[in-house]
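Please find below a note on the structure under discussion.

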Amino acid sequence: MISGDAEEDAGTSTASGDDCIHVERRVSDEIEASPLRHLVVDLSCVLQDFDLRIMLITKRIMESFTAEEKHSIKEVIESAIIDPNVKGGLRWSLGKDSAGGRFYVQESFHILSRSFAGPTVRLKLRNADRFKRSSSHGKISDEVSVKLIGVRKHLKELVALSMAYIPPHMRKVKEGEKELHPEVLAPKFDEQLRLGSRHAGSKGWKTNVLPFTIQYAENSIVRCFPVGSMENGELPDSICLEPFLRPDSLDYGHRTGRKYFVLHNVDEPKDSETSTCRVNKEEWLSIAEKIQSDVVTAFQNVRNLIQDDEHIKLKPSFVARIRKILFHRQVLFIDQSKESINLAKIKRGFLTEINPECGVSKMFNTDVTEEYMNFVENKVVQDIGLTLMAQKDEYHLKIEDKQLPDCVLTCRCVKNADGKLELKKIEASPLRHLVVDLSCVFQDFDLRIMLIAKRILESFTAEEKHSIKEVIESSILDPNVKGGLRWSLGKDSAGGRFYVQESFHILSRSFAGPTVRLKLRSADRFNLRSSHGKISEEVSVKLIGVSEHLKEADGGDEALQECLQDTLKLIWDNFINYKR
């Protein structure tokens, strides 16, 4: 990839792994890694037309590349075609924007700049024409920056900085030199003015913007409300927030630094409360009443989409998923020294809609315990009269298509007789038309009901399919790695267009009944971008009876209402109403 920073000089550049490498197409052969930001101070000048950002950054000149690596980078640069008629000023022939299976163009910039020098400052005016290839988005901007060379000079004299970085624990202060203390340089800001402070910690932080893997349809419906609340719709006093812990007792958000919380009932309702709290056995009736009109509307939206799009084959499906709703706040603009979320915000969200604007966001965690998985397979399957329909051993690959930046391809594959992967089906990211999250406050599990439309892609050319198959067939099956698959260097992409994003090894068992279809699956997944993997056990129920009634009826008949109530009762009694 080739990238730069909006506030740094750029021409064309390259990335390897997680570090972006900035390469200027000049006579000099300087290659820079992404600059490190050590200080960022944003000043909101509320009575002025402009705000101000002050930064201390460190440019990192890369000098450790081998001759072969430099040759690969130059190969990408020299294959660029200068074209003033395109955004970014550069274009590449198909497949020429990468080299060695390692270096890929990410962004290109055409920059016209003028620099002016003074005793204490250096002014730069620049016009930047940039183009980001992953999103096919470009823009032209005029920018003004001022280097504070006088301040830097005084800092060097104060702390006798050398050009090489010396870790703090190895620094030695020579006789006659002043040791640098935070109070020497740090201004005495009022603590109340430190809005949205972020602390990078020992490893720093970075932001990765990946293609969207979850997509909502244009007219999608999203709901979230509590089940088992009091008659006026409020949560009982016995409900509180508690951190969500994974089975291995680690905070669920430990990788991102984000805290997740769940609603928890601290005590069982007393007999005197039965007059104000709904009886559990009737919960499915209120759920069906609340969601029926949304179900009908969402299904009609799918019908309209099927009629409008002839290039993509849509397969609508009603699905119920069981586990837990996790509440959190966006990590941006949170004061980490204070509680990030409280029950009052969630209550307000239930009355309106849970979203970042009300101060609360949510996600649905589908990973159930092994104990619950065995309970469903050994007891629930028998109790509701399901029969084993299929057992599958599949590999799913999520592949990024550079020409479809807002969509991720899911390639469903199986292992053939030769021990290689064989492609069975290519799907685009499923569209979500309806998402209803039900917080079952007096139960151990919550419920999510969705209407999704799987999109089977049938418009790829023979050449495009060949490129996708090339990525799939070059994978190496390895049960000892996360996701079950690995690739030789450079083999996880093809044609400069298709790149493997995630790999899954999925073992699933499907059980069929008259109105529902149950799927139990164990998913071993690995994200190649973040190098993070996990194994999860998941339970999902397809509401095939409801789907059939929607196809045949107009959504207002009593048969649909009865089918929806019966199906929700089956799910509530057998999946939600579970006690350890």
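1. Basis. This is a predicted model, in which local features need pLDDT of at least 70 and side-chain atom pairs count only at pLDDT 80 or more, while totals for chains, interfaces and linings use all residues. Residues are numbered from 1 along each chain as its sequence is written, and side-chain values use heavy atoms, with hydrogens and water left out.

2. Overall make-up. The protein has 9 helices and 26 strands, taken as DSSP runs numbered from the N terminus (helices H or I, at least four residues; strands E, at least two). Of its 580 residues, 41% count as buried, that is, under 20% relative accessible area with a 1.4 Å probe, protein chains only. Among contacts (heavy atoms within 4.5 Å) with a separation of 6 or more, 63% link residues 24 or more positions apart.

3. Helix pair. Helix α8 (residues 544-552) packs with helix α9 (residues 558-576) at an angle of about 170 degrees, the axes being 9 Å apart; axes are lines fitted to C-alpha atoms over the stretch in contact, and angles run from 0 to 180 degrees between N-to-C directions. Helix α8 is therefore roughly antiparallel to α9, a term for angles over 145 degrees. On the α8 side the contact involves G545, V546, H549 and L550, which meet A559, L560, C563, L564 and T567 of α9. The residues of this contact comprise 6 nonpolar, 3 polar and no charged; Ala, Val, Leu, Ile, Met, Phe, Trp, Tyr, Cys and Pro count as nonpolar, Asp, Glu, Lys and Arg as charged, and the others, Gly among them, as polar.

4. The buried residues of α9 include L560, W572, F575 and I576.

5. Strand residue V436. V436 lies in strand β19 (residues 421-440) and counts as buried because its relative accessibility is 0%. Not counting residues up to four places away in sequence, V436 touches R223, F225, I291, L447, R448 and I449. V436 and D294 are 142 residues apart in sequence, with their C-alpha atoms 9.2 Å apart in space.

How values were computed:
Angles under 35 degrees count as roughly parallel, over 145 as roughly antiparallel, 65 to 115 as roughly perpendicular and the rest as oblique. Buried means under 20% relative accessible area, exposed over 50%, partly exposed in between (1.4 Å probe, protein chains only).
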